[in-house]
Amino acid sequence: MKQLKLKNLFIGVAAISSLASCHKDKINPNDDKPIDPLTNKAGIYILNQGAFNANNSTLTYYDYASKKLVPDQFKTINGRGLGDTGNDIKIYGSKMYIVVNVSSTVEVADAKTAKSIKKLDFFDNTVARQPRSVAFYKNMALITSYDGTVAVLDTASLTVTKYIKVGRNPEQLVVANDKLYVANSGGLDFGNPDKTVSVVDLNTLTETKKITVALNPVSIAADKYGDVYVISMGDFDKVLPSLTIINTATDAVKQQSDLSAAYGTPIITSGDFAYFVTADNKIQVFNVKTETLEKASFISDGTVVTTPFGLKIDEETGELFVTDAKDYKSNGEVFAFDKTGKKEYSLTTGITPGAIAFVKK
Amino acid sequence: MKKNLHCVYKLLPASALGAVIFMLQVTLSNKASAQTDTAKKLNEVTISTSTIPQIQTITPAQQVSAIDFTRNSAFTVADAIRNFAGVNIKDYGGIGGVKTVLVRSLGANHTGIFYDGVQLNDAQNGQIDLGRLNLNNVQSITLYNGQPDNICAPARAFASASVLSIKTIRPSLNAEKPYQVLVGIKGGSFGLINPYIQWQQRISKNWSAVVNSYLEKADGQYKYKVNGDGSDTLATRRNGDIKAQQADAALYWTKSDSNQFNLHVNYYNSNRGLPGAVVFYNPYSKQRVQNRDIYVQAGYEHLWTNSLHLLLNTKLSRLYTHYTDPDFLNNQGGLNYKYTQKEVYQSATLAYHILSNWEVSYAADFAYTHLDANVANYACPSRSTLLNAIASNLVAGKWRFQGSLLNSNISESVKTGKSSASRNVYSPALMATFKPFNNSNFQLRAFYKNSFRYPTFDEFYYFAIQVRDLKPEFAKQYDLGATYTKSLNSWLDYITFTADAYYNNVTDKILSIPNQNPYISSISNLGKVDVKGIDVSIKTQSKLSNNWRALLTANYSFQKAIDVSDPASSVYLEQIPYSPKHTVAINAGIDHQRFGIYYNQILSSSRYYSGENLPENLLSGYSVSDASAVYNFLIKSKQVTASVEVNNLFNANYAVIRSFPLPGRSYRLSIQIKI
């Protein structure tokens with residue numbers, strides 16, 4: 001018996017080792033050599049959501065000086081992964097805030113190195129709150145969670161001081177006119193989504209109003225003229241995605257219009273323009289001053305972005321960064337375009353790249 | 001399906017996420033059916049170990065019988081067949097975890113699971129959880145690539161790419177001892193307690209009955225290592241508890257071997273926790289699923305002296321699934337879904353020997369399946385399936401030929417919305433064996449089979465605003481093999497050897513294509529897969545010498561299963577997810593009179609959990625060993641069998657499915673008395 005066992009073991013070891021040696025080792029290639037940036041960016045972080053339940057949300061980092069691409073800077077520096085479905089990343093001061101949805105954590109890390117300073121577990125007893133997005137005001141990081149709350153995180157002590165009750169399954173949030181606007185999606189109620197934006201008084205930290213917008217609001221951004229732009233996703237059936245513009249002086253809806261928006265598209269603003277992704281995967285530019293369409297398609301050189309997924313503007317250079325989620329299963333890509341919509345370079349990312357943050361020199 | 005859908009999750013805000021979680025949960029809440037029986041001559045079952053296993057079948061067939069279960073340290077049907085060549089068990093881990101079978105890199109829905117000749121059908125998601133099928137009342141399990149070689153069979157037996165045929169124990173009693181009772185209990189790791197009883201009763205010359213019942217209770221907890229979250233201690237897998245009970249009763253009327261009837265009633269009830277994927281930093285799951293399934297099955301078989309052979313089968317089933325997730329963050333305070341699937345099935349087959357070496361058959365099956373669910377806007381579909389199959393078996397000299405042609409006519413209706421389009425499909429199969437040498441034990445065989453698996457109710461209707469436009473997923477199989485069997489006069493009793501090379505081509509593979517809007521087009525027929533593989537099996541046993549005897553079975557499988565869907569895609573020509581290139585399974589043992597000790601070894605090369613064959617998508621290979629020992633003795637002239645089984649002897653840390661770690665070393669003790 002003993003011999004028999006040893007023999008089997010030997011066969012096992014031999015088989016495994018011979019098989020192990022046949023793996024292809026593919027290194028993520030840099031498709032293009034990124035050019036030197038025009039600004040004081042030291043590097044760019046791309047937060048990849050990874051595949052659901054695969055714990056492979058990663059943080060791609062590209063360093064402009066060394067031209068080095070790190071597939072997962074977070075894991076490299078911390079020796080552990082971000083977890084499952086990193087949904088938002090923002091840098092505020094010297095710290096970086098990474099919101100991880102399914103793992104239900106918020107990682108607060110050093111912005112330059114991604115070294116974790118604190119991992120905040122977002123649980124109500126054993127119920128995962130499922131944090132989604134972060135915004136900042138003074139010494140507060142404000143974090144939406146699917147459990148219908150906005151957490152108030154003190155950026156100095158890194159403790160949550162309050163949970164503000166808002167609507168159902170809040171998604172994105174934005175500070176405008178010294179108030180906080182939260183898109184309440186209600187998206188976990190199939191067939192019965194929410195249709196409100198909560199207004200939160202940032203002094204009393206309470207919800208003061210719910211503004212009715214189009215069904216299933218998700219993305220939100222503020223312009224410099226005192227308006228907040230909300231994209232609602234509709235009900236995926238008869239109610240189409242639409243744009244609601246809120247006047248923050250009166251907290252009344254100024255305009256509401258159907259638009260050909262991709263489901264789940266972000267909306268970002270910069271100067272006189274807002275950018276979002278259309279249903280046919282174009283990046284459209286909206287003029288927030290005139291409140292009319294500026295450009296039907298931002299990309300001017302024919303570059304194909306298969307599945308535009310995340311958008312981010314470098315305010316200093318006007319460069320637009322667009323992530324490409326491809327088929328949501330394979331590694332993605334991030335494209336940098338100059339102001340005129342011409343591609344500058346692209347970088348290989350992890351699976352489903354969704355959010356971007358720039359690190360200053 | 002589950003895997004592909006994952007990605008949708010992240011693209012989307014909450015609304016879509018709801019759908020995906022929902023679909024995911026359905027996959028997990030997998031409703032296998034329990035058991036039943038219908039007397040039917042599907043295949044001869046060899047119980048005695050001293051006879052040579054019958055391996056020279058027209059299509060490859062692999063069998064294990066009751067005596068092998070302990071040798072394989074098997075607790076469920078999934079464990080019992082995991083050594084088979086060409087088989088991969090998709091194991092989500094733990095005692096209540098879903099286990100489905102993939103044969104030759106075809107999806108789980110391509111294998112038909114038959115209980116005593118009648119299929120366990122699930123139209124909702126098409127996946128039968130083999131981990132739910134307890135071995136207490138099982139006599140034998142046979143896997144046929146292609147189809148079983150008995151052509152007097154229900155039309156459904158011709159309808160799958162492969163058939164896993166499970167046969168339950170039939171009473172064999174006489175007037176001197178008109179009853180036999182088996183009482184036993186299994187218990188061990190995971191807090192498992194599994195008492196069972198089997199009562200066989202001879203009622204009269206023609207009538208007999210069997211009643212089986214068991215209870216199963218386990219907390220399902222085990223230690224595992226989380227890789228990548230920075231933890232250095234072992235975590236405990238929780239919410240994997242199960243409480244299940246099953247009762248089945250069978251009544252047999254046997255006028256003669258050629259005139260018999262049977263009736264079965266089967267009830268299964270379980271309540272289990274779903275531990276879910278291991279998610280870093282979020283170890284909590286409160287998802288639960290309850291199953292309550294019942295079915296009644298009857299069969300009648302008559303063989304007239306003129307060789308006309310009639311086979312009738314009837315089945316009524318009701319499968320109830322209740323899924324809850326109190327932590328789901330919707331307005332109702334959690335998910336609470338109930339599904340009831342009902343099916344009426346009738347089959348009739350006639351076979352006739354035109355000449356002594358030429359048999360023909362005709363089979364017609366009709367099934368009506370309906371699914372009700374308390375899901376908003378759910379279609380509540382009904383499906384009518386009419387199958388007609390003709391088959392022929394001809395022996396001519398050194399040749400044997402078999403062919404069948406199946407016509408499937410499937411149509412659906414729905415309570416709300418639009419139903420799927422009706423389909424009418426012809427599926428041929430051709431098989432042959434050839435014995436090149438006289439007086440030799442060497443045979444060649446070949447088969448071609450064209451089959452399909454129909455889209456499930458979930459794929460058509462689940463969270464679909466409109467019914468999804470799906471075609472059946474087709475699989476063409478080509479197999480060429482050789483078999484050799486010899487009984488020996490040396491210290492070996494016999495040796496059998498089989499080797500088959502095959503090519504499978506899957507077209508219109510049903511894929512969930514993530515899309516920003518999962519409600520409209522997340523599932524379509526865009527996949528194509530090419531599988532080239534080799535299955536090799538060897539079985540041998542030594543002669544009894546001083547009451548010692550040694551046994552050895554070894555299987556090797558090679559599978560190159562590549563994605564050939566889209567040359568522009570990054571996964572083109574890459575190995576498909578969860579398909580190991582190499583698998584080795586070895587089972588060896590030694591018997592000495594009443595005592596036996598056995599060792600089982602499975603080796604799997606690494607697999608990718610995603611379509612891109614990148615190092616970061618690699619799931620490492622594993623080597624898992626099991627050992628068992630059996631001792632038979634008498635207490636007051638009653639036969640008692642005691643056994644101890646150790647699974648994962650060397651405490652390997654491994655997973656078959658990413659994020660679903662499997663248990664380390666575990667133990668199981670069993671004792672059974674025959675009265």
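In what order do the four strands of the open sheet in chain A run? The tour below reaches the answer after a note on reading the model.

This is a predicted model, in which local features need pLDDT of at least 70 and side-chain atom pairs count only at pLDDT 80 or more, while totals for chains, interfaces and linings use all residues. Residues are numbered from 1 along each chain as its sequence is written, and chains are lettered from A and ligands numbered from 1 in the order in which they are written.

Begin with chain A coloured by pLDDT, the predictor's confidence in each residue, from 0 to 100. The average for chain A is 89, and 89% of the residues score at least 70. Next, select residues 1–31 of chain A, where the pLDDT is below 50; this stretch has 40 contacts in the model beyond near neighbours in sequence (a contact requires C-beta atoms, placed from the backbone, within 7 Å). Where pLDDT is low, the predicted coordinates should not be read in detail.

Proceed to the sheet of chain A, whose strands follow the order β3-β2-β1-β30 with antiparallel pairing. Strands are DSSP runs (E, at least two residues), numbered from the N terminus, and two strands pair if DSSP finds at least two bridges between them. Select β2 (residues 58–63) of chain A, which is joined to β3(A) by three bridges; Tyr61(A) is found opposite Val70(A) of β3(A).

Finally, move to Ser422(B), in the loop between β20 (399–413) and β21 (423–434) of chain B. Lys471(B) is 49 residues away in sequence, with a C-alpha to C-alpha distance of 9.9 Å from Ser422(B).

Notes
Two residues are in contact if their C-beta atoms, placed from the backbone, lie within 7 Å.
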